[in-house]
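Hi everyone, thanks for coming. Let me put the structure up, and then we'll walk through a couple of spots together.

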Amino acid sequence: MVFGRNTTIPVGGADTGANPGRPPVPTGASAPALAGRGLVKTYGTQRALDGVDIEIAPGEAVAVVGPSGSGKSTLLHVLAGILPADAGEVFAGGTRIDDASETARSELRRTRFGFVFQSGMLVAELTAEENAALPQLLGGLGRGAALATARDRLGRLGLAGKERHRPGELSGGEAQRVAIARALGHRPNVIFADEPTGALDSRTGGETMRALLDSAAGTGAAVVVVTHDRDLAASLPRTVTMRDGRIDGVRGSVAGVVS
Ligand SMILES: Nc1ncnc2c1ncn2[C@@H]1O[C@H](COP(=O)(O)OP(=O)(O)OP(=O)(O)O)[C@@H](O)[C@H]1O
Ligand SMILES: [Mg+2]
């Protein structure tokens with residue numbers, strides 16, 4: 001199955017009955033952008049995920065916090081279809097994705113998801129605009145069009161004038177904004193960010209994060225951000241706290257419902 005932007009969601013397909021006692025994930029117009037049900041992931045004797053249920057509404061920004069080793073990155077990787085769970089189900093837009101083929105999951109990551117990691121992982125030999133346009137260039141979009149839209153995104157992120165700089169000629173915060181511009185290029189439904197400002201000082205980190213959230217809000221993308229920054233987490237509408245592979249607490253509201 002190919003998950004293009006206009007993929008029709010099969011109504012009623014979400015309740016597989018694999019997780020008894022849990023309500024089915026809504027489909028159609030009320031479907032969450034992303035949902036995990038009963039997620040378990042074990043490494044040897046280590047339960048990195050120990051039964052996690054989570055739903056992220058379209059356009060919602062959620063912070064995932066918790067001590068080192070509590071399972072935050074594992075949760076992100078399982079939700080993004082990068083890492084298979086041992087048990088449980090993952091849904092994107094109401095469609096189950098964890099049992100899809102690797103080809104379909106990688107198509108989904110390419111078309112509907114965007115990723116920003118702790119260090120931007122830019123290509124050192126390419127300019128800022130080429131890095132920001134890389135997915136489109138690899139996807140076959142013409143170079144002129146790909147670079148023009150990349151320059152537009154860089155400008156919105158405050159990087160006008162830096163388009164021809166290579167990563168080594170950018171500050172840490174600027175490089176991270178190039179990575180954000182790259183993650184936004186295909187207008188993803190969900191942006192996964194794992195400590196995207198962890199390598200920056202707190203002021204630059206805050207500004208970079210604000211740029212990411214504003215850009216996501218501009219395109220209606222949901223954001224799931226793992227962070228150790230308490231101020232950042234407190235500034236988001238919802239914070240999910242993980243401990244020992246479980247969700248230990250939730251602060252905030254989803255779609256106006258305070259939990
Ligand atoms: N590939 C792996 N092999 C073995 N154990 C792993 C692997 N990846 C993660 N773990 C273990 O799973 C648990 C959760 O790891 P995870 O990376 O999700 O934590 P985290 O909350 O992201 O921590 P941090 O804040 O340090 O990034 C940890 O105990 C970790 O040691
Ligand atoms: Mg981590």
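**The ligand shell and an aromatic cluster**

Helix α1 gives the largest share of the shell around ligand 1, three residues. A quick word on the model: it is predicted, so local features need pLDDT of at least 70, side-chain atom pairs count only at pLDDT 80 or more, and totals for chains, interfaces and linings use all residues. Residues are numbered from 1 along each chain as its sequence is written, chains are lettered from A and ligands numbered from 1 in written order, and side-chain values use heavy atoms, without hydrogens or water.

Which residues come nearest to ligand 1? Of the 13 around it (a heavy atom within 4 Å), they are Ser68, Gly69, Lys72, Ser73 and Thr74. Now the N or O pairs within 3.5 Å, our polar contacts. Oxygen atoms of ligand 1 lie 2.5 Å from a polar side-chain atom of Ser68, 2.8 Å from a polar backbone atom of Gly69 and 2.7 Å from a side-chain N or O atom of Lys72.

On to the rings, which pair if their centres lie within 6.5 Å; planes under 30 degrees apart are stacked, over 60 edge-to-face, the rest tilted. Phe113 and Phe192 are edge-to-face, at 5.0 Å and 75 degrees. Phe115 and Phe192 have centres 5.4 Å apart and planes at 15 degrees, so they are stacked. Together, Phe113, Phe115, Phe117 and Phe192 make one aromatic cluster.

Key. Rings of Phe, Tyr and Trp (its six-membered ring) pair if their centres lie within 6.5 Å; planes under 30 degrees apart count as stacked, over 60 as edge-to-face and the rest as tilted. A polar contact is a pair of N or O atoms within 3.5 Å; within protein, one must be able to donate a hydrogen and the other to accept it, and residues adjacent in sequence count only if both atoms are side-chain atoms. Helices (H or I, at least four residues) and strands (E, at least two) are DSSP runs, numbered from the N terminus.
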